[in-house]
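We will go stop by stop, selecting a few residues at a time.

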Amino acid sequence: MAKKSLESLTETMFYILMAFRRQALCGTEVARFVSQKTRGRVSMGPGTLYTILAKFQEEGFLEEVAVEGRKRTYRLTEAGDKRYQEEVARLRTCVADAESEEEWP
């Protein structure tokens with residue numbers, strides 16, 4: 001069976017979507033948000049960042065809203081917000097599983 005595209009997000013992808021929850025941003029603003037939010041724990045180079053931004057545009061999670069020279073600004077779409085919420089729910093389930101004291105059958 002074929003895996004659904006972006007069925008689970010990498011940690012970097014998750015934080016990139018999180019960055020767009022409040023406002024439209026350009027790539028450098030996204031990188032700054034992720035670095036500050038994770039206190040430097042999650043870092044990414046420009047190649048990783050812009051590859052993910054392009055993939056999110058292709059998937060319909062982000063849309064470009066402005067271009068000023070080389071600076072491109074993106075905003076989260078409804079589909080992107082939905083995917084973010086799905087990932088939050090998946091991660092909460094994982095944490096609940098890890099914290100449950102149930103033993104194996």
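A residue counts as exposed when its relative accessible area is over 50%, as buried when that area is under 20%, and as partly exposed in between. Keep those cut-offs at hand. One caution before we start: this is a predicted model.

**Stop 1: a bridge from helix to loop**

Select R41. Is R41 buried or exposed? R41 has 52% relative accessibility, so R41 counts as exposed. The side chains of E11 and R41 form a salt bridge, 2.4 Å from N to O. E11 sits in helix 1, while R41 sits in the loop between helix 2 and helix 3, so the pair ties together parts that are 30 residues apart in sequence. E11 is partly exposed, because its relative accessible area is 42%.

**Stop 2**

Zoom in on strand 1 and strand 3. They pair in the antiparallel sense over two bridges. Find C26; opposite it, in strand 3, is T73.

Move across to strand 2 (residues 62-68) and strand 3 (residues 71-76). This antiparallel pair has six bridges. Click V67 and look for its bridge partner in strand 3, which is R72. Strands 2 and 3 make a hairpin, with two residues between them. In the turn, select G69, which has a positive phi of about 65 degrees.

**Stop 2: across the hairpin**

Show the side chains of E63 and R75. Their salt bridge brings the closest N and O atoms to 2.5 Å apart. E63 belongs to strand 2 and R75 to strand 3, so the pair ties together parts that are twelve residues apart in sequence. E63 counts as partly exposed at 32% relative accessibility. R75, at 42%, also counts as partly exposed.

**Stop 4**

Select E58 and K55. Both lie in helix 3, three residues apart, about one turn of the helix. E58 counts as exposed at 62% relative accessibility, and K55 counts as partly exposed at 26%.

Stay in helix 3 (residues 46-59) and pick I52. I52 is buried, with a relative accessible area of 9%. Which residues does I52 touch, not counting residues up to four places away in sequence? The list is T12, M13 and I16. Draw a distance from I52 to T12: their C-alpha atoms are 8.8 Å apart in space, although the two residues are 40 apart in sequence.

**Stop 3: the nonpolar core**

In soluble globular proteins, nonpolar side chains tend to be buried together. Here, the largest nonpolar core has 25 residues. Select I16, F20, V30 and F56, which touch the most other members. Helix 1 (11-19), helix 2 (27-37), helix 3, strand 3 and helix 4 each supply at least two residues of this core. Helix 1 gives the most, with seven residues.

Centre the view on V30. Leaving out residues up to four places away in sequence, V30 touches I16, A19, F20, L25 and L49.

**Stop 4: helix 4**

Select E87, found in helix 4 (residues 78-99). Is E87 buried or exposed? E87 is buried, with a relative accessible area of 1%. Beyond its neighbours within four places in sequence, E87 is in contact with E7, S8, L9 and F14. Its side chain also makes a polar contact with the side chain of R90, at 2.7 Å.

How many salt bridges does the count come to? The count comes to ten.

**Last stop: the annotated stretch**

Select residues 16-85. The unreviewed UniProt entry places the feature "domain: Transcription regulator PadR N-terminal" there. Over this stretch the chain is 53% helix and 21% strand. Draw one more distance, between the end C-alpha atoms of the stretch: they are 13 Å apart.

Methods: Residues are numbered from 1 along each chain as its sequence is written. This is a predicted model: local features need pLDDT of at least 70, side-chain atom pairs count only at pLDDT 80 or more; totals for chains, interfaces and linings use all residues. Side-chain values use heavy atoms; hydrogens and water are left out. Two strands pair if DSSP finds at least two bridges between them. Helices (H or I, at least four residues) and strands (E, at least two) are DSSP runs, numbered from the N terminus. UniProt positions are given in the numbering used here, feature names are shortened, and annotations may be inferred rather than shown by experiment. Buried means under 20% relative accessible area, exposed over 50%, partly exposed in between (1.4 Å probe, protein chains only). Contact means heavy atoms within 4.5 Å. A polar contact is a pair of N or O atoms within 3.5 Å; within protein, one must be able to donate a hydrogen and the other to accept it, and residues adjacent in sequence count only if both atoms are side-chain atoms. A nonpolar core is a set of buried Ala, Val, Leu, Ile, Met, Phe, Trp, Tyr and Cys residues joined through side-chain atoms within 4.5 Å. A salt bridge is a side-chain nitrogen of Lys or Arg within 4 Å of a carboxyl oxygen of Asp or Glu.
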